[in-house]
Amino acid sequence: MTNLIDITIAFVKAQLAQAEGGHDWFHIERVYNNAMLIAEGEECDLLVVQLGALLHDIADSKFHDGDETVGPTLAWRFLSAQGVAEDTIIHVVNIIENISFKGGNFERKFDSAELDIVQDADRLDALGAIGIARAFNYGGFKNRALYDPAIPPNLTMDKEEYKKTTAPTINHFYEKLLLLRERMNTTTGKQIAEARHQYMEAFLEQFYGEWKGER
Ligand code: ADP
Ligand code: NI
(Lines give C-alpha, C1' and ligand atoms only; values in the text may rest on other atoms or scores of the structure.)
(Ligands and ions follow the chains in the order given, each with its own letter.)
Protein backbone atom coordinates (compact mmCIF):
# COMPACT_ATOMS: atom_id res chain seq x y z
CA MET A 1 0.00 0.00 0.00
CA THR A 2 3.02 2.25 -0.22
CA ASN A 3 1.60 3.66 -3.38
CA LEU A 4 -1.96 4.21 -2.19
CA ILE A 5 -1.86 8.01 -2.45
CA ASP A 6 -0.48 7.92 -6.00
CA ILE A 7 -3.07 5.35 -7.07
CA THR A 8 -5.80 7.47 -5.48
CA ILE A 9 -4.58 10.59 -7.29
CA ALA A 10 -4.71 8.73 -10.64
CA PHE A 11 -8.23 7.47 -9.84
CA VAL A 12 -9.48 10.95 -8.91
CA LYS A 13 -7.93 12.58 -12.00
CA ALA A 14 -9.67 10.05 -14.25
CA GLN A 15 -12.95 10.45 -12.37
CA LEU A 16 -12.87 14.27 -12.73
CA ALA A 17 -11.60 14.44 -16.32
CA GLN A 18 -14.81 16.14 -17.54
CA ALA A 19 -15.50 18.21 -14.41
CA GLU A 20 -16.57 21.87 -14.39
CA GLY A 21 -13.59 24.20 -13.79
CA GLY A 22 -14.35 24.86 -10.12
CA HIS A 23 -14.68 21.18 -9.21
CA ASP A 24 -11.87 19.68 -11.27
CA TRP A 25 -8.61 17.97 -10.29
CA PHE A 26 -6.98 21.32 -9.47
CA HIS A 27 -9.71 21.98 -6.85
CA ILE A 28 -8.82 18.63 -5.30
CA GLU A 29 -5.11 19.41 -5.44
CA ARG A 30 -5.65 22.78 -3.67
CA VAL A 31 -7.86 21.15 -1.03
CA TYR A 32 -5.24 18.44 -0.50
CA ASN A 33 -2.52 21.07 -0.04
CA ASN A 34 -4.74 23.13 2.31
CA ALA A 35 -5.51 19.98 4.31
CA MET A 36 -1.83 19.10 4.69
CA LEU A 37 -1.10 22.64 5.88
CA ILE A 38 -3.96 22.63 8.41
CA ALA A 39 -3.05 19.11 9.59
CA GLU A 40 0.36 20.37 10.74
CA GLY A 41 -1.37 22.14 13.61
CA GLU A 42 -3.81 19.31 14.52
CA GLU A 43 -3.65 15.81 15.96
CA CYS A 44 -5.02 13.52 13.32
CA ASP A 45 -4.76 10.36 11.25
CA LEU A 46 -2.94 11.75 8.23
CA LEU A 47 -3.94 8.91 5.88
CA VAL A 48 -7.63 9.61 6.56
CA VAL A 49 -7.06 13.33 5.90
CA GLN A 50 -5.23 12.59 2.63
CA LEU A 51 -7.83 10.13 1.36
CA GLY A 52 -10.71 12.32 2.52
CA ALA A 53 -9.31 15.36 0.71
CA LEU A 54 -8.59 13.41 -2.48
CA LEU A 55 -11.95 11.62 -2.61
CA HIS A 56 -14.33 14.27 -1.21
CA ASP A 57 -15.70 15.41 -4.61
CA ILE A 58 -15.35 12.36 -6.89
CA ALA A 59 -19.08 12.38 -7.60
CA ASP A 60 -20.63 15.60 -6.27
CA SER A 61 -24.43 15.24 -6.06
CA LYS A 62 -24.76 18.60 -7.91
CA PHE A 63 -23.47 16.84 -11.00
CA HIS A 64 -25.39 13.58 -10.43
CA ASP A 65 -29.03 14.72 -10.39
CA GLY A 66 -28.85 15.39 -6.66
CA ASP A 67 -27.91 11.77 -5.87
CA GLU A 68 -25.74 11.87 -2.73
CA THR A 69 -24.91 8.17 -2.71
CA VAL A 70 -22.76 8.00 -5.86
CA GLY A 71 -19.59 9.52 -4.33
CA PRO A 72 -19.59 7.47 -1.10
CA THR A 73 -20.33 4.24 -3.01
CA LEU A 74 -17.55 4.86 -5.54
CA ALA A 75 -15.07 5.72 -2.77
CA TRP A 76 -16.03 2.61 -0.82
CA ARG A 77 -15.51 0.39 -3.85
CA PHE A 78 -12.22 2.00 -4.77
CA LEU A 79 -10.74 1.82 -1.26
CA SER A 80 -11.87 -1.80 -0.73
CA ALA A 81 -10.27 -2.80 -4.03
CA GLN A 82 -7.00 -1.27 -2.75
CA GLY A 83 -7.17 -3.36 0.43
CA VAL A 84 -7.55 -0.34 2.75
CA ALA A 85 -8.55 -1.17 6.35
CA GLU A 86 -12.29 -1.08 6.92
CA ASP A 87 -12.18 1.46 9.77
CA THR A 88 -10.23 3.83 7.49
CA ILE A 89 -12.76 3.33 4.69
CA ILE A 90 -15.68 4.01 7.03
CA HIS A 91 -14.03 7.20 8.27
CA VAL A 92 -13.26 8.48 4.75
CA VAL A 93 -16.83 7.76 3.59
CA ASN A 94 -18.16 9.63 6.63
CA ILE A 95 -16.04 12.61 5.62
CA ILE A 96 -17.41 12.54 2.07
CA GLU A 97 -20.99 12.31 3.35
CA ASN A 98 -20.68 15.15 5.86
CA ILE A 99 -18.34 17.71 4.30
CA SER A 100 -20.86 19.70 2.28
CA PHE A 101 -22.44 23.03 3.22
CA LYS A 102 -25.81 22.58 1.48
CA GLY A 103 -27.27 25.86 2.59
CA GLY A 104 -25.78 25.66 6.06
CA ASN A 105 -29.11 24.66 7.60
CA PHE A 106 -27.81 21.11 7.75
CA GLU A 107 -26.65 19.26 10.87
CA ARG A 108 -23.36 17.45 10.61
CA LYS A 109 -24.07 13.83 11.56
CA PHE A 110 -20.46 12.84 12.12
CA ASP A 111 -17.60 14.50 13.99
CA SER A 112 -13.86 13.97 13.85
CA ALA A 113 -10.65 15.98 13.76
CA GLU A 114 -10.06 14.63 10.25
CA LEU A 115 -13.47 15.88 9.01
CA ASP A 116 -12.75 19.26 10.66
CA ILE A 117 -9.51 19.50 8.67
CA VAL A 118 -10.82 18.39 5.28
CA GLN A 119 -13.95 20.54 5.65
CA ASP A 120 -11.85 23.62 6.43
CA ALA A 121 -9.53 22.82 3.52
CA ASP A 122 -12.52 22.59 1.15
CA ARG A 123 -14.07 25.78 2.54
CA LEU A 124 -10.86 27.76 2.07
CA ASP A 125 -11.08 26.97 -1.65
CA ALA A 126 -14.54 28.58 -1.67
CA LEU A 127 -13.06 31.85 -0.34
CA GLY A 128 -10.77 34.59 -1.61
CA ALA A 129 -9.75 35.09 -5.23
CA ILE A 130 -10.15 31.41 -6.06
CA GLY A 131 -13.53 31.36 -4.32
CA ILE A 132 -14.72 34.30 -6.44
CA ALA A 133 -13.44 32.66 -9.64
CA ARG A 134 -15.09 29.35 -8.77
CA ALA A 135 -18.44 30.94 -7.93
CA PHE A 136 -18.66 32.79 -11.24
CA ASN A 137 -17.44 29.77 -13.17
CA TYR A 138 -20.17 27.66 -11.58
CA GLY A 139 -22.73 30.41 -12.23
CA GLY A 140 -21.70 30.51 -15.88
CA PHE A 141 -21.82 26.74 -16.10
CA LYS A 142 -25.43 26.97 -14.83
CA ASN A 143 -26.21 30.01 -17.02
CA ARG A 144 -26.98 32.23 -14.00
CA ALA A 145 -27.04 36.02 -13.96
CA LEU A 146 -24.04 37.73 -12.40
CA TYR A 147 -26.24 39.96 -10.26
CA ASP A 148 -29.86 41.13 -10.19
CA PRO A 149 -30.72 43.86 -7.66
CA ALA A 150 -34.37 42.71 -7.75
CA ILE A 151 -33.54 39.22 -6.45
CA PRO A 152 -32.35 39.42 -2.83
CA PRO A 153 -30.31 36.63 -1.19
CA ASN A 154 -32.33 33.95 0.60
CA LEU A 155 -30.85 32.91 3.92
CA THR A 156 -33.59 30.50 4.90
CA MET A 157 -33.24 27.84 2.21
CA ASP A 158 -33.33 24.24 3.29
CA LYS A 159 -31.04 21.68 1.67
CA GLU A 160 -33.36 20.92 -1.27
CA GLU A 161 -34.04 24.59 -2.04
CA TYR A 162 -30.33 25.37 -1.82
CA LYS A 163 -29.57 22.66 -4.37
CA LYS A 164 -32.25 23.91 -6.78
CA THR A 165 -31.72 27.66 -6.58
CA THR A 166 -31.26 29.53 -9.86
CA ALA A 167 -30.41 32.87 -8.22
CA PRO A 168 -27.65 35.18 -9.49
CA THR A 169 -24.09 34.33 -8.50
CA ILE A 170 -23.68 37.41 -6.28
CA ASN A 171 -26.39 35.94 -4.05
CA HIS A 172 -24.18 32.92 -3.40
CA PHE A 173 -21.76 35.18 -1.56
CA TYR A 174 -24.47 35.96 1.03
CA GLU A 175 -26.01 32.49 1.02
CA LYS A 176 -22.73 30.67 1.54
CA LEU A 177 -19.34 32.25 0.96
CA LEU A 178 -19.51 35.08 3.53
CA LEU A 179 -20.94 32.69 6.14
CA LEU A 180 -17.98 30.33 6.07
CA ARG A 181 -15.61 32.48 8.16
CA GLU A 182 -17.75 31.92 11.26
CA ARG A 183 -17.93 28.20 10.67
CA MET A 184 -14.29 27.26 10.37
CA ASN A 185 -13.21 24.41 12.64
CA THR A 186 -9.44 24.78 13.03
CA THR A 187 -7.07 27.54 14.15
CA THR A 188 -5.17 27.60 10.86
CA GLY A 189 -8.42 27.45 8.89
CA LYS A 190 -9.85 30.43 10.80
CA GLN A 191 -6.75 32.53 10.20
CA ILE A 192 -6.63 31.94 6.45
CA ALA A 193 -10.42 32.34 6.13
CA GLU A 194 -10.27 35.78 7.79
CA ALA A 195 -7.92 37.19 5.13
CA ARG A 196 -9.85 35.63 2.26
CA HIS A 197 -13.14 36.91 3.70
CA GLN A 198 -11.85 40.48 3.73
CA TYR A 199 -10.70 40.11 0.13
CA MET A 200 -14.24 39.09 -0.91
CA GLU A 201 -15.78 42.02 1.00
CA ALA A 202 -13.49 44.38 -0.92
CA PHE A 203 -14.43 42.67 -4.19
CA LEU A 204 -18.16 43.15 -3.49
CA GLU A 205 -17.69 46.81 -2.65
CA GLN A 206 -15.80 47.35 -5.92
CA PHE A 207 -18.43 45.33 -7.82
CA TYR A 208 -21.36 47.46 -6.58
CA GLY A 209 -19.41 50.64 -7.27
CA GLU A 210 -18.78 49.64 -10.86
CA TRP A 211 -22.38 48.41 -11.19
CA LYS A 212 -23.58 51.93 -10.37
CA GLY A 213 -21.09 53.41 -12.82
CA GLU A 214 -18.91 55.08 -10.20
CA ARG A 215 -15.42 56.02 -11.22
P1 ADP B 1 -21.49 22.90 -0.85
O2 ADP B 1 -22.35 21.76 -1.33
O3 ADP B 1 -20.75 22.63 0.40
O4 ADP B 1 -22.15 24.25 -0.95
P5 ADP B 1 -20.47 23.02 -3.31
O6 ADP B 1 -19.62 21.88 -3.80
O7 ADP B 1 -21.87 23.13 -3.72
O8 ADP B 1 -20.33 23.02 -1.81
O9 ADP B 1 -19.84 24.36 -3.71
C10 ADP B 1 -18.53 24.43 -4.10
C11 ADP B 1 -18.35 25.68 -4.85
O12 ADP B 1 -19.15 25.68 -6.03
C13 ADP B 1 -18.82 26.90 -4.11
O14 ADP B 1 -17.90 27.30 -3.16
C15 ADP B 1 -18.98 27.85 -5.24
O16 ADP B 1 -17.74 28.29 -5.69
C17 ADP B 1 -19.61 26.97 -6.28
N18 ADP B 1 -21.05 27.02 -6.14
C19 ADP B 1 -21.89 26.11 -5.63
N20 ADP B 1 -23.18 26.54 -5.69
C21 ADP B 1 -23.13 27.75 -6.27
C22 ADP B 1 -24.11 28.74 -6.64
N23 ADP B 1 -25.41 28.56 -6.40
N24 ADP B 1 -23.66 29.86 -7.22
C25 ADP B 1 -22.36 30.06 -7.47
N26 ADP B 1 -21.41 29.19 -7.15
C27 ADP B 1 -21.78 28.06 -6.57
NI1 NI C 1 -14.77 20.37 -2.75
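Modeller: The account below begins with the metal site and then turns to some helices and residues of the chain. The model is a predicted one.

The nickel ion (ligand 2) is coordinated by four residues: His 27 and His 56, each through NE2, and Asp 57 and Asp 122, each through OD. The distances from the metal to these atoms are 2.1 to 2.2 Å. The arrangement is irregular, because the angles subtended by the 4 donor atoms run from 85 to 175°, whereas a tetrahedral site would need every angle to lie between 85 and 135 degrees. For reference, the ideal angle for four tetrahedral donors is 109.5 degrees.

Along the sequence, the donor residues follow the spacing H-x28-H-D-x64-D. Asp 57 belongs to the loop between helix H3 (46–55) and helix H4 (70–81), while Asp 122 belongs to helix H6 (residues 113–124), so this pair ties together parts that are 65 residues apart in sequence.

Beyond its neighbours within four places in sequence, Gln 119 is in contact with Asn 98, Ile 99, Arg 108 and Asn 185.

Ser 112 is located in the loop between helix H5 (86–98) and H6. With a relative accessibility of 14%, Ser 112 counts as buried. Its side chain makes a polar contact of 2.8 Å with the side chain of His 91. A polar atom of the Ser 112 side chain also lies 3.0 Å from the backbone nitrogen of Leu 115.

Within H1, the residues Leu 4, Ile 5, Thr 8, Phe 11 and Val 12 are buried. These residues cover an arc of only 120° around the axis, which means that they are on the same side of H1. An α-helix has 3.6 residues a turn, so residues three or four places apart point the same way. The buried residues of H1 pack against helix H2 (25–39), H3 and H4.

Definitions and conventions. Residues are numbered from 1 along each chain as its sequence is written. Chains are lettered from A and ligands numbered from 1 in the order in which they are written. This is a predicted model: local features need pLDDT of at least 70, side-chain atom pairs count only at pLDDT 80 or more; totals for chains, interfaces and linings use all residues. Side-chain values use heavy atoms; hydrogens and water are left out. Donors are N, O and S atoms within 2.8 Å of the metal (3.2 Å for Na, K and Ca); water is not among the atoms, so sites may look incomplete. Four donors count as tetrahedral if all angles lie between 85 and 135 degrees; four count as square planar and six as octahedral if opposite donors are over 155 degrees apart and all others between 65 and 115; anything else is irregular. Helices (H or I, at least four residues) and strands (E, at least two) are DSSP runs, numbered from the N terminus. Buried means under 20% relative accessible area, exposed over 50%, partly exposed in between (1.4 Å probe, protein chains only). The arc is that of the directions from the helix axis to the C-beta atoms. Contact means heavy atoms within 4.5 Å. A polar contact is a pair of N or O atoms within 3.5 Å; within protein, one must be able to donate a hydrogen and the other to accept it, and residues adjacent in sequence count only if both atoms are side-chain atoms.
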